[in-house]
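Please read these points with the model open beside you.

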Amino acid sequence: MVWDGTTIEMLKNGILETLFMVLGSSLIAYLIGIPLGIILVVTDTDGIHPIPALQKALGLVINLLRSVPFIILLLVMIPVTRAIVGTTLGAKAVIPPLVAAAAPYIARMVESSFKEVDAGVIEAAKSMGATTWQIIWKVLLPEAKPSLLVGAAISITTILGYSAMAGFVGGGGLGAIAINYGYYRYQTDMMLVTVVILVVIVQIIQETWMKLSKISDKRIR
């Protein structure tokens, strides 16, 4: 690998495309996943507003989506991706399948975080006449915030891994560079560079969100 201006520019663009894919899809996936997670918890048999049939049906759909390998989801969603973004190549084309893969995962992470909230706190809110929405907004979300932030670190790094895999089907970013140059052209040094950059990005995400989790945790103040 020759470290000229073209190579550096390519890596810089790869980093920007990767961040665009990961942050963009994470934001959309959380906008979908948090409400789904809330519904799963609220409508559970032991939830605030039990609707077992809805909870089981939604849980089944989420489990089915989670069970599909991402590389297969990428291929299955090609018509949907083309209809949404107008292309099946590049960083933009990876966002719809990333959202489809991440939203169910995030929903389960949110559900798990909410179930960690002390049932006594919820019962106390109920006894004071709080509505379902008030319990969600003023009890569940604040109490679960540290766990939600830890879950965000795990979810975003998982999405980062998915984005790298998208390079096999024409997606952009560091994954595409690693595959096109490190794999197909046998440039091992380029492969190592992209891996190191991905590891650094993962560490930054992990440390940032874990620090935010500690700051928001009232128990360690």
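**Notes on the model**

1. Glu9 is partly exposed, at a relative accessible area of 37%. Here buried means under 20% relative accessible area, exposed over 50%, and partly exposed in between (1.4 Å probe, protein chains only). Lys12 is also partly exposed, at 46%. The two side chains meet in a salt bridge, 3.4 Å from N to O; the term requires a side-chain nitrogen of Lys or Arg within 4 Å of a carboxyl oxygen of Asp or Glu. Glu9 and Lys12 lie three residues apart in helix 1, which means that about one helical turn separates them. An α-helix has 3.6 residues a turn, so residues three or four places apart point the same way.

2. On the source: this is a predicted model, in which local features need pLDDT of at least 70 and side-chain atom pairs count only at pLDDT 80 or more, while totals for chains, interfaces and linings use all residues. Residues are numbered from 1 along each chain as its sequence is written, and side-chain values use heavy atoms, with hydrogens and water left out.

3. The chain has nine helices and zero strands. Helices (H or I, at least four residues) and strands (E, at least two) are DSSP runs, numbered from the N terminus. The C-alpha trace spans about 70 × 45 × 25 Å along its principal axes. Of the 221 residues in the chain, 42% are buried. Among contacts (heavy atoms within 4.5 Å) with a separation of 6 or more, 72% are between residues 24 or more positions apart.

4. Helix 2 covers residues 52-67, and its 16 residues reach 22 Å from first C-alpha to last, close to the 22 Å expected at 1.5 Å a residue. The expected span is 1.5 Å times one less than the number of residues. Which residues of helix 2 are buried? They are Gln55, Leu58, Gly59 and Ile62. Seen down the axis of helix 2, the buried residues fall within an arc of 105°, so they line one face; the arc is that of the directions from the helix axis to the C-beta atoms. These buried residues pack against helix 1 (5-42) and helix 5 (91-115). On the other side of helix 2, Ala53, Lys56, Leu60, Leu64 and Ser67 are exposed.

5. Helix 5 is mostly covered, with 20 of its 25 residues buried. From its first C-alpha to its last, helix 5 reaches 35 Å, close to the 36 Å expected. Helix 5 bends by about 30° at Leu98; the bend is the angle between axes fitted to the seven residues ending at a residue and the seven starting there.

6. How many salt bridges does the structure hold? There are five. Lys115 and Glu111 are four residues apart, which means about one helical turn between them. Glu111 is buried, with a relative accessible area of 8%, whereas Lys115 is partly exposed at 47%. Both belong to a salt-bridge network that also links Asp44 and Arg108.

7. Glu123 forms a salt bridge with Lys126, with the closest N and O atoms 3.8 Å apart. Glu123 and Lys126 are three residues apart in helix 6 (residues 119-127), about one helical turn. Glu123 is partly exposed at 46%, and so is Lys126 at 33%.
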